[in-house]
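I opened this entry to record what I looked up, one topic at a time. The sequence and the structure come before my notes.

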2 protein chains.
Amino acid sequence: MYIEIDFNSDEALYVQLQNQIIMGIAMDLIREGDTLPSVRQLADTVGINMHTVNKAYNILKQEGFIQLDRRRGAVIAIDIDKAEALLKMKRQLKIMLARGCCKRISRQDVHALVDEIFDEYRKE
Amino acid sequence: MYIEIDFNSDEALYVQLQNQIIMGIAMDLIREGDTLPSVRQLADTVGINMHTVNKAYNILKQEGFIQLDRRRGAVIAIDIDKAEALLKMKRQLKIMLARGCCKRISRQDVHALVDEIFDEYRKE
DNA sequence: AATGTGTTATAGTATATCTAGCACAAAAGA
DNA sequence: TCTTTTGTGCTAGATATACTATAACACATT
């Protein structure tokens with residue numbers, strides 16, 4: 001699994017790390033039980049500071065995507081709190097759809113986008 | 001149209017202003033041609049600094065939701081660049097759906113959420 | 001004993017956010 | 001005309017966040 005960082009992005013580095021890892025899980029590039037690189041190793045290969053990686057890992061742990069262990073390092077371990085996840089998604093969708101609505105994006109447009117993206121993710 | 005600010009939120013004040021105004025447009029509480037309060041007036045009623053309101057207005061202008069005029073103030077004027085809006089939405093959806101996918105949120109769950117939210121917005 | 005984990009502490013720099021005050025020109029109202 | 005209000009531009013300071021840099025710690029593995 002390759003992780004690419006855009007230093008010119010306005011997104012914080014640790015957020016970019018989070019997103020890449022989460023998308024890696026969704027696309028099945030890494031699975032439950034797989035280990036991520038150590039904080040020092042990932043920091044080296046990406047070219048950023050150890051603490052920035054550590055911050056990303058800690059948030060991922062807090063959000064229930066990985067577990068951190070002194071022996072094994074960072075391990076993919078999804079804590080499925082679907083109700084909580086749905087609430088968060090709804091909050092985000094509310095403002096995203098408001099923006100789209102103003103720009104005349106239809107309900108069908110959104111459904112199409114969702115389907116298109118979902119096709120790249122988990123094949124269940 | 002009422003605007004409420006949560007000072008305990010982790011969201012920046014100017015972002016909260018943006019979102020409230022955009023949702024106001026989506027819910028048809030304010031329409032094309034309507035004017036928003038002046039920066040000083042809104043700042044007073046909300047209890048924040050003038051420049052914070054000014055920042056929100058300027059971003060809204062840049063994103064094509066309002067026009068700023070010295071005579072009329074801030075006027076709702078949607079610049080419909082649907083293609084651009086779709087691109088932005090897709091970028092956001094990509095990471096949002098990845099998170100949901102990891103938490104076992106199904107395609108149908110998302111469609112239901114989208115419909116539920118859309119019902120509160122523009123009746124076309 | 002050496003190495004590799006995550007973890008914590010401290011410090012420094014840079015950027016973002018919010019507030020405050022001032023000045024100016026254009027527009028509106030009395 | 002006079003006054004007020006408007007958006008705009010500018011500077012400045014306070015606070016928080018982001019990122020980097022070192023260093024050290026506790027634990028497990030080799």
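My notes follow, from the chain contact to the DNA strands.

**Ground rules.** This is a predicted model: local features need pLDDT of at least 70, side-chain atom pairs count only at pLDDT 80 or more, and totals for chains, interfaces and linings use all residues. Residues are numbered from 1 along each chain as its sequence is written, while chains are lettered from A and ligands numbered from 1 in the order in which they are written.

**Where A meets B.** I looked up the contact between the two chains. It takes 39 residues from chain A and 39 residues from chain B. Two residues are in contact if their C-beta atoms, placed from the backbone, lie within 7 Å. On chain B, α1 (13–26), α4 (82–102) and α5 (107–118) each supply at least two residues of the side that touches chain A. α4(B) gives the most, with 16 residues. I took helices (H or I, at least four residues) and strands (E, at least two) as DSSP runs, numbered from the N terminus. That side of chain B has 24 nonpolar, four polar and 11 charged residues. Here Ala, Val, Leu, Ile, Met, Phe, Trp, Tyr, Cys and Pro count as nonpolar, Asp, Glu, Lys and Arg as charged, and the others, Gly among them, as polar.

I then compared the copies.

**One residue.** I picked B:Arg99, in helix α4 of chain B. Is B:Arg99 buried or exposed? B:Arg99 is buried, because 21 other C-beta atoms lie within 10 Å (buried takes 20 or more, exposed 12 or fewer, partly exposed in between; C-beta atoms are placed from the backbone). Leaving aside neighbours within four places in sequence, B:Arg99 contacts A:Ile22 and A:Ala85.

**The DNA.** 20 residues surround DNA strand C, with A:Ser38, A:Gly73, B:Ala12, B:Leu13 and B:Asn49 the closest. Near means a C-beta atom, placed from the backbone, within 6 Å. The surface near DNA strand C divides into seven nonpolar, nine polar and four charged residues. DNA strand D also has 20 residues around it; A:Ala12, A:Leu13, A:Asn49, A:His51 and B:Ser38 come nearest.
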